[in-house]
Amino acid sequence: EEDVAVRVVEPVAVDLTTNEAELYSAIYQWQLDRAEARNMPVDFVGQMPLRLAGSCLPAARDSVLRRWQSYEDDFVDPDEYEIDNDATPPVEVVEAAEALGEVDTKFDKFVERLRSTVDQGRKVLVFSFFLSAIEYLNGRLASEFRVAAISGQVKPEERRDLIRRFRNNEFDVMIASRVISEGLDFEFCSAVANYDL
């Protein structure tokens with residue numbers, strides 16, 4: 001009881017570029033339109049696309065472009081087809097996704113803080129709800145940090161091995177989904193980041 005850990009929350013503000021803000025706004029409007037068409041709350045209809053856009057705009061961009069590509073692949077002449085499937089992103093959302101390019105202000109701010117934390121010799125556990133965000137972060141961080149990623153796609157025995165290796169200093173950063181949020185001991189890790197927030 002004398003050595004109670006003190007939790008220090010350090011929010012990191014991110015100012016989006018014009019292209020980033022336009023993509024988020026386009027996705028938001030798309031979800032509003034979907035909700036209105038169904039006469040349902042936007043939080044119910046558009047929760048996951050909006051959460052993904054808030055978590056990781058490049059992952060949201062890729063999701064939009066995959067959906068659009070799938071739509072184009074299904075129809076010989078998409079110009080003559082009226083989009084009535086509201087899961088297919090409207091053209092303005094696709095254009096905003098294409099305009100984003102490789103910019104990622106949130107990641108840039110995050111990696112600045114991550115560097116300083118890892119340089120202090122601290123292990124960092126990074127959470128995201130989204131597999132696409134975990135994959136994105138793993139790909140981007142692997143060039144600079146010793147990193148591992150755990151999600152529901154990693155078998156339980158592999159998870160245990162990755163956690164053991166993280167504890168034994170083989171990794172600086174572990175990126176994980178909620179599969180490791182309960183019942184596991186990460187007391188050896190002194191910094192936690194919720195990337196989605």
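An axis here is a line fitted to C-alpha atoms, for helices over the stretch in contact, and angles run from 0 to 180 degrees between N-to-C directions. Two packed helices are described by the angle between their axes and the distance between the axes. The model is predicted.

**Helix pairs**

Start with H6 and H7. Helix H7 covers residues 131–141 and packs against H6 at an angle of about 60°, with the two axes 12 Å apart. That angle makes H6 oblique to H7. Their crossing is right-handed. On the H6 side, the contact uses Phe107, Asp108, Phe110, Val111 and Leu114, which meet Tyr136, Leu137, Arg140 and Leu141 of H7. By class, seven of these residues are nonpolar, none are polar and two are charged.

Now turn to H1, residues 18–38, and H5, residues 91–100. Their axes come within 9 Å and cross at roughly 155°. H1 is therefore roughly antiparallel to H5, since angles over 145 degrees count that way. H1 passes H5 in a left-handed crossing. H1 brings Asn19, Glu20, Glu22, Leu23, Ala26, Ile27 and Trp30 to the contact, while H5 brings Glu92, Val93, Ala96, Ala97, Ala99 and Leu100. This contact holds nine nonpolar residues, one polar and three charged.

H1 also packs against H3. Here the axes come within 10 Å and cross at roughly 170°. H1 and H3 are therefore roughly antiparallel to each other. Tyr24, Ile27, Tyr28, Gln31 and Arg34 of H1 touch Pro49, Leu50, Ala53 and Gly54 of H3. Six residues of this contact are nonpolar, two are polar and one is charged.

The table puts the pairs side by side.

| Pair | Axis angle | Axis distance |
|---|---|---|
| H1 and H5 | roughly 155° | within 9 Å |
| H1 and H3 | roughly 170° | within 10 Å |
| H6 and H7 | about 60° | 12 Å |

**The largest pocket**

The largest pocket has a volume of about 1300 Å³. Its lining has 38 residues, and Glu10, Pro11, Val192, Ala193 and Asn194 lie nearest its centre. Which elements each supply at least two residues of the lining? They are H1, H3 (47–55), H4 (57–74), H6 (105–119) and strand S4 (191–194). H6 gives the most, with seven residues. By class, the lining divides into 22 nonpolar, seven polar and nine charged residues.

Note on methods: Residues are numbered from 1 along each chain as its sequence is written. This is a predicted model: local features need pLDDT of at least 70, side-chain atom pairs count only at pLDDT 80 or more; totals for chains, interfaces and linings use all residues. Side-chain values use heavy atoms; hydrogens and water are left out. Helices (H or I, at least four residues) and strands (E, at least two) are DSSP runs, numbered from the N terminus. Angles under 35 degrees count as roughly parallel, over 145 as roughly antiparallel, 65 to 115 as roughly perpendicular and the rest as oblique. A crossing is left-handed if the near helix is turned anticlockwise from the far one by less than a right angle, and right-handed if clockwise. Contact means heavy atoms within 4.5 Å. Ala, Val, Leu, Ile, Met, Phe, Trp, Tyr, Cys and Pro count as nonpolar, Asp, Glu, Lys and Arg as charged, and the others, Gly among them, as polar. On a 1 Å grid over the protein atoms alone, a cavity is a set of points where a 1.4 Å probe fits but cannot get out, and a pocket is an open set with protein on both sides within 12 Å along at least five of seven lines; lining residues have an atom within 4 Å of a point. Grid points are joined across faces, edges and corners, and a volume is the space filled by probe spheres set on the points.
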